[in-house]
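Here are a few exercises to work through with the model open beside you. Try each task before reading its solution.

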Amino acid sequence: MLEVSDIFTAYGKIEALRGVDLTVDEGAITCLLGPNGAGKTTLMLTIAGILKPRQGSVRFRDKEMVGLSPTRIVAGGIALVPENRLVFAHMTTRENLIAGAYLRLSKSKGAVEADIQRMFQRFPRLEERSEQLAGTLSGGEQQMLAVARALMAQPKLLLMDEPSLGLAPLIVEEIFNIIRELHADGTTIFLVEQNAHMALKVAQHFYLLDQGRVTFSGTPGQVAEDEVIQRAYLGSGGSD
Amino acid sequence: MDPYLVSVFSNIGMISFLALSAYLLLMVGEISFGQQAFFAIAAYASGIATAMWGWPFWIGMVWGAAIAGLAALLVAIPTLRLRGLYFSVATLAFAEMVRLIFEIFTYQVEIDGELVGPDGSEGFRDIRYVYDSDISALDYMLIIYALLAVVLVGFFVLERSRLGSIFRMIGEDPLLTEMQGLNATAYKVLAAVMAGVIAGIGGVLYAHLTTYVEPKIFNVMLGVHALAYGLIGGLGTAIGPLIGVGIDIGFLESIRVISGYRMIVFGGLVAVLLIIRPRGLLDEAAVHWLRTRWRRGRHAGG
Amino acid sequence: MIDFIQNSLDGVMAGSAYGLLAIGFTLIFGVMRRLNLSYGPSIMLGAFVGTMLYLQYQSGALIVAAATVAGAVIAGMYVERLCFWAIRQGAAVASMVSSFVIWMQLEEIVTIFFPERTYAFPPLTTAEPLLFGPFFLKVENLIMFAAAVALTVALHVVLYRTRFGLKVRAVSENPLAARFMGINIGSVMFWAFALASGIGGVAAYLIVGADAQVTPMFGLWATFKGLIAMMLGGMGSIPGAILGGLLLGIVEAQTVWYLGAEYRDLAAYFLLFLFLIFRPGGIMGQVMAARETAAARRV
């Protein structure tokens with residue numbers, strides 16, 4: 001569904017991505033592992049169109065995405081749950097959800113409202129807080145809201161950047177349950193994670209990004225056998 | 001009504017347009033030091049229309065506001081892609097250029113044996129349409145407030161609309177807004193044009209009330225004041241900037257006793273206010289609080 | 001051709017005044033990422049303290065200079081505490097508007113104590129303009145140019161060879177990281193502001209001295225010339241401040257000669273506008289761009 005080929009993205013003179021190649025299969029959960037600074041968020045932003053790569057291509061459902069504005073990319077079916085700017089803090093929970101569906105709002109208000117109800121069913125805590133300012137929600141709730149908002153765009157591909165970051169283990173479980181449910185519903189998910197333990201439980205395919213390049217590609221089984229990953233993420237290094 | 005009060009209220013009304021103009025841009029997260037340029041452009045354009053081309057007042061108003069909006073569009077397109085403070089300085093540079101151009105701009109025609117029209121730094125006199133039409137000062141004040149009411153209704157509608165939410169989203173987090181698939185820059189340009197038109201309406205009203213405009217008036221002081229009104233009154237609602245104008249002009253007028261020390265006192269007060277409430281009296285949090293109270297009050301069968 | 005060169009020389013000399021003003025401006029901006037609209041008025045306050053000593057007590061040049069700098073620094077500290085330190089980090093527009101109202105406050109304070117249109121100030125020098133072939137060079141301007149160069153070098157030494165300078169640069173690059181390194185942000189900002197105001201005080205002394213008189217319009221003038229020069233050179237760049245000032249001076253001088261004095265300020269703002277559209281980073285653009293994108297990595 002998503003083919004990333006030979007992507008080079010730079011910040012001024014700093015080359016963050018140096019020739020990244022990977023594929024995300026339709027309907028699967030693909031996970032990108034890697035240390036801090038490896039370029040994982042840069043890759044997410046490049047796919048979402050926020051950053052322009054210097055060279056390379058990103059093909060989504062056989063259409064070239066590089067050079068398109070984020071607006072067109074979202075309209076094309078890719079939604080991003082970003083790492084550290086989760087919610088519009090000064091808008092209510094409900095308004096945040098509507099925000100995710102703005103591209104569709106002019107066409108079908110009824111369908112958007114139905115989607116909001118569906119989100120509330122799936123995330124009852126959000127319904128409880130629907131009129132509260134999103135900035136006052138807890139970390140886990142904000143993460144949930146960010147995921148729900150991204151889903152409001154009815155994406156074919158969901159990009160998630162470190163959804164478990166800074167959350168308590170119990171909440172992390174909840175979030176990954178949600179990821180499993182989305183997968184069961186047929187949503188394709190491309191996940192960036194440092195928490196390899198949790199990722200191993202849900203993802204079908206793994207990549208390792210190190211210093212701007214993909215240095216490993218394999219199944220969960222192969223991940224468990226790989227020494228480098230073992231030491232860095234599963235051994236005494238562990239997760240955050 | 002006491003003519004002095006009419007004059008004060010008319011001033012408050014006209015300056016409110018300028019304050020609302022700066023406020024609209026603050027909604028999308030942009031700080032403009034230059035809205036006075038559109039005030040000026042519309043003042044001159046409409047003055048030329050009514051005093052020199054003989055157009056009726058309302059056509060002159062539409063003309064003036066339209067020219068201001070067009071100018072805003074032309075400036076917004078190259079400058080809104082600049083980040084933060086770069087944009088702000090660009091607005092300042094633009095506004096000063098406009099003022100300085102008016103200092104040398106001369107265009108006069110002979111009417112009834114006299115030269116009428118903008119004359120560089122001498123200014124533009126005899127924009128007498130309103131007086132020649134026997135519109136009283138009180139009537140004019142009502143016209144000002146009628147137009148202001150229309151603009152306020154517009155803001156009211158905006159704040160409850162999809163467009164208004166998008167504006168606020170952009171003001172809060174343009175990047176996150178882009179991630180929802182919305183073109184932040186396009187919306188900012190729209191806001192800039194709307195802001196230019198609003199400032200323009202104020203400018204037209206100003207020119208025709210005072211009958212005389214000179215470039216000196218449209219300086220950076222005016223522009224920063226426009227911003228300050230919103231920051232004092234509050235950025236959570238369109239009423240905020242109006243409160244700011246009321247406080248400033250009302251304060252200035254009523255405390256004539258300390259007229260020599262006005263800025264010292266006022267400046268100090270505003271600085272302290274901004275420490276306590278950096279987004280003004282009626283900031284977003286206050287407005288949200290008021291709205292929840294209002295909603296709760298209604299639900300309680302009030 | 002002679003005119004062009006003479007104008008350029010005049011421009012370079014006047015430009016060093018602008019550069020001096022821009023240095024203080026850019027130092028504050030680099031550390032605070034906010035515009036200080038009170039910069040001109042606060043150093044003007046210093047100049048008026050100086051003129052008061054000169055007129056009341058016939059103080060010598062050195063005392064007047066010291067008083068000017070001291071006045072500017074004290075005014076700067078007042079502005080820093082009230083408008084910048086007291087307002088929390090995110091509210092940049094509140095700080096700038098606050099600095100604007102304080103500008104008006106400071107101007108009023110000056111006009112209350114000094115209601116005349118102009119006041120005498122100890123002249124920088126009484127020497128005659130120098131003659132180099134067909135070119136004139138005013139000694140005052142030469143002194144300002146030399147001072148601008150000297151101050152830039154001195155500031156460079158402070159920024160790159162002292163612990164304080166290291167802290168200032170760290171805070172400019174990344175305030176959050178600086179805090180984690182144990183740097184007291186508030187203290188660094190305060191002293192950077194004081195340093196910038198001190199430099200501004202020196203600038204005020206030289207500029208007003210070159211004119212041998214000070215007017216209440218100086219504050220406004222100084223803020224805008226400093227701002228334009230800073231933007232032309234590149235926000236946050238010290239060498240840029242000087243280069244920006246020189247460029248501004250040259251463009252102004254040529255404009256006045258070929259188009260007339262009424263076009264001078266228009267040309268200045270037009271130049272600024274062009275730079276903002278085509279090269280917002282200013283003359284030192286590339287250097288600054290790399291720094292900004294490093295900060296953008298936090299996205």
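Two residues are in contact if their C-beta atoms, placed from the backbone, lie within 7 Å. Helices (H or I, at least four residues) are DSSP runs, numbered from the N terminus. This is a predicted model, in which local features need pLDDT of at least 70 and side-chain atom pairs count only at pLDDT 80 or more, while totals for chains, interfaces and linings use all residues. Residues are numbered from 1 along each chain as its sequence is written, and chains are lettered from A in the order in which they are written.

**Exercise 1. Two helices across a chain boundary**

Task: Find how α12(B) and α4(C) are arranged, and which residues meet.

Solution: Start with the axes, which are lines fitted to C-alpha atoms over the stretch in contact, with angles from 0 to 180 degrees between N-to-C directions.

Next, look at the residues. From α12(B), B:Met263, B:Ile264, B:Gly267, B:Gly268, B:Val270, B:Ala271 and B:Leu274 take part, and their partners in α4(C) include C:Ala94, C:Val97, C:Val101 and C:Glu108. Sorted by class, this contact has eleven nonpolar, four polar and one charged residues. Here Ala, Val, Leu, Ile, Met, Phe, Trp, Tyr, Cys and Pro count as nonpolar, Asp, Glu, Lys and Arg as charged, and the others, Gly among them, as polar.

**Exercise 2. The wider chain interfaces**

Task: Work out which element gives the most to the side of chain B that touches chain C.

Solution: First take the totals: 31 residues of chain B are in contact with 31 residues of chain C. On the chain B side, α4 (84-104), α10 (220-233) and α12 each give two or more residues. Of these, α4(B) gives the most, with twelve residues. The classes on this side are 25 nonpolar, three polar and three charged.

Now turn to chain A, where 22 residues are in contact with 17 residues of chain B. Here α2(A) gives the most to the side touching chain B, with four residues.

**Exercise 3. A helix checked by its span**

Solution: After α1(C) comes C:Arg33, whose phi is positive, near 60 degrees.

**Exercise 4. One arginine**

Task: Is A:Arg125 buried, exposed or partly exposed, and which residues is A:Arg125 in contact with?

Solution: Locate A:Arg125 in helix α6 of chain A (residues 124-128). A:Arg125 has 15 other C-beta atoms within 10 Å, so A:Arg125 is partly exposed. Leaving aside neighbours within four places in sequence, A:Arg125 is in contact with A:Glu141 and A:Met144. By comparison, A:Ala75 is 50 residues apart along the chain, and the two C-alpha atoms are separated by 28 Å.

Notes: A residue is buried if 20 or more other C-beta atoms lie within 10 Å of its own, exposed if 12 or fewer, and partly exposed in between; C-beta atoms are placed from the backbone.
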